[in-house]
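Trainee: I have a model open and would like to walk through it with you. Could we begin with the sheet and then turn to the aromatic side chains?

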Amino acid sequence: MTAEQVARSAREASNLLQTITSAQKSAVLRRIRQVLEERRDQIVEANRQDKEAAQKEVDAGRLSSALFKRLDIEGAGGEKYSTLLQGVDDVDRIPDPIGQVTMARKLDNELDLYRVVCPVGVCLVIFEARPEVVVNIACLAIKSGNAAILKGGKEATRTNQALAEAIQHAIATTPTQEGQTQFPERAVQVVSTRDEINSLLDMDRYVDLVIPRGSNSLVRHIQNNTRIPVLGHADGICSTYLDASADVKKAVHTVVDAKTHYPAACNATETLLVHSSVLDSVFVPVARALQQANVRIHADQRSLAAMDKAGIRDASLVSEATDADFGHEYTDMDIAVCVVDSLDEAIDHINAHGSKHTDAIITENAQNAQWFMRRVDAAGVYWNASTRFADGFRYGFGTEIGVSTNKTHARGPAGLEGLTIYKYYLFGNGQGAGDFGVGPGKHPFLHQDIPLDDTVRSKFVL
């Protein structure tokens, strides 16, 4: 199929999905979970072949180690694959948002207005490595009634294809009850070439939303080469600030977790800000723990002096920071350290150098925490918690379509709500707009809110 045929068939599938019931969506998701379990060995083997080929690219310097780490779908002892399956179950359990009423208003007698949740339509998702995205997006798209066109990186070609075939087989083999619309098999499609993507980025007639997941260069390229709305983020430059009243035990645990739990992730802390009053009492233990975890520290002069004073500076892991270290996404076992003299200075640093993703403050001062959370311009602001919590699965969204730093309909880890929008239903009885106003034969609007009880809220759910 050509790119235009893929896009057109996705639009046709999207139109059909408007009439699919919640029960049908659930049946398809359960079937996807079943087929993914049945084909686990086959999919894992495809992933191992991709990893073997990718390792050669890493050794040759043509593929980054950070990208390679995101390629694995199996995990230690199969844990990552099991989490993928759990994600399908979690999405299935989330209440279907489509058809939910979020506002109801009586404009006049027999003139009722409803704001109703509906799918975005057709979503084009472009991602590097992370083959589990195929499953995450497919399940969220199905649950939210959207059609999805997926393009993964060439480094995960075998895995992506195996996952896509499993999902498409599951859709095709899910029984349809009498009187139900047949679930469209083209609801989830996969394309494989860059030329197809370039063509699809021009098809705003068919595609409603583009979701890029990957490197800064990938996201920037997408943002600069399409008229279609883009949901996502280009950088994951997250900061953690050790305030003047930071608890040392909390500081050590959260900072080490935020940096080392998965350093290639976009929610890993890249910059550590330290109040000058806790250099000896809090920063030194944190620096010691980071070095014990083999984290490379790019420290400013005052933090270097504190480590030298405490005798904990490991020359093989510690270097002097440059201006380029602040505002840099390492996606590796590196962290930049900057000492500040006030809470406001820390906030200003984050707003100047961060990427509006996720930032945290470690403090025992509630007033300082609240000030930080109000003033830091980010999709997520945390108090005494690791930035690694910025994730749809951890938020209880089942899974996520990505993390958005946009200030549009979805921000932060975006789950189902990132794939929904709304439309207005107006039920009248022959009224015209000219019937309302001031003057003979005219009357004012009532504009009375209709209470959103369970019956009204689910009035249009199939």
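Mentor: Four strands, in the order β5-β4-β3-β6, form an open sheet whose pairing is parallel; strands here are DSSP E runs of at least two residues, helices are H or I runs of at least four, and both are numbered from the N terminus, while two strands pair if DSSP finds at least two bridges between them. This is a predicted model, in which local features need pLDDT of at least 70 and side-chain atom pairs count only at pLDDT 80 or more, whereas totals for chains, interfaces and linings use all residues. Residues are numbered from 1 along each chain as its sequence is written, and side-chain values use heavy atoms, with hydrogens and water left out.

Trainee: Which strands does helix α7 touch?

Mentor: Helix α7 (residues 157-172) packs on the sheet and touches β3 and β5, with its direction at about 155° to that of β5; contact means heavy atoms within 4.5 Å, and the angles, which run from 0 to 180 degrees, are taken between N-to-C directions of lines fitted to C-alpha atoms, for helices over the stretch in contact. Helix α9 (residues 216-224) also packs on the sheet, where it touches β3 and β6, and its direction makes about 165° with that of β6.

Trainee: Switching to the rings, how many aromatic pairs are there?

Mentor: The structure holds seven aromatic pairs, counted for rings of Phe, Tyr and Trp (its six-membered ring) with centres within 6.5 Å, where planes under 30 degrees apart are stacked, over 60 edge-to-face and the rest tilted. One of them joins Tyr422 and Tyr424, and it is edge-to-face because the planes stand at 80°, with the centres 5.7 Å apart.

Trainee: What about Tyr425 and Phe460?

Mentor: They form an edge-to-face pair, 4.7 Å centre to centre with 70° between the planes. Tyr425 lies in strand β16 (residues 420-427) and Phe460 in the segment after α15 (454-457), so the pair ties together parts 35 residues apart in sequence.

Trainee: Which residues form the aromatic cluster?

Mentor: Tyr114, Tyr425, Phe427 and Phe460 form one aromatic cluster.
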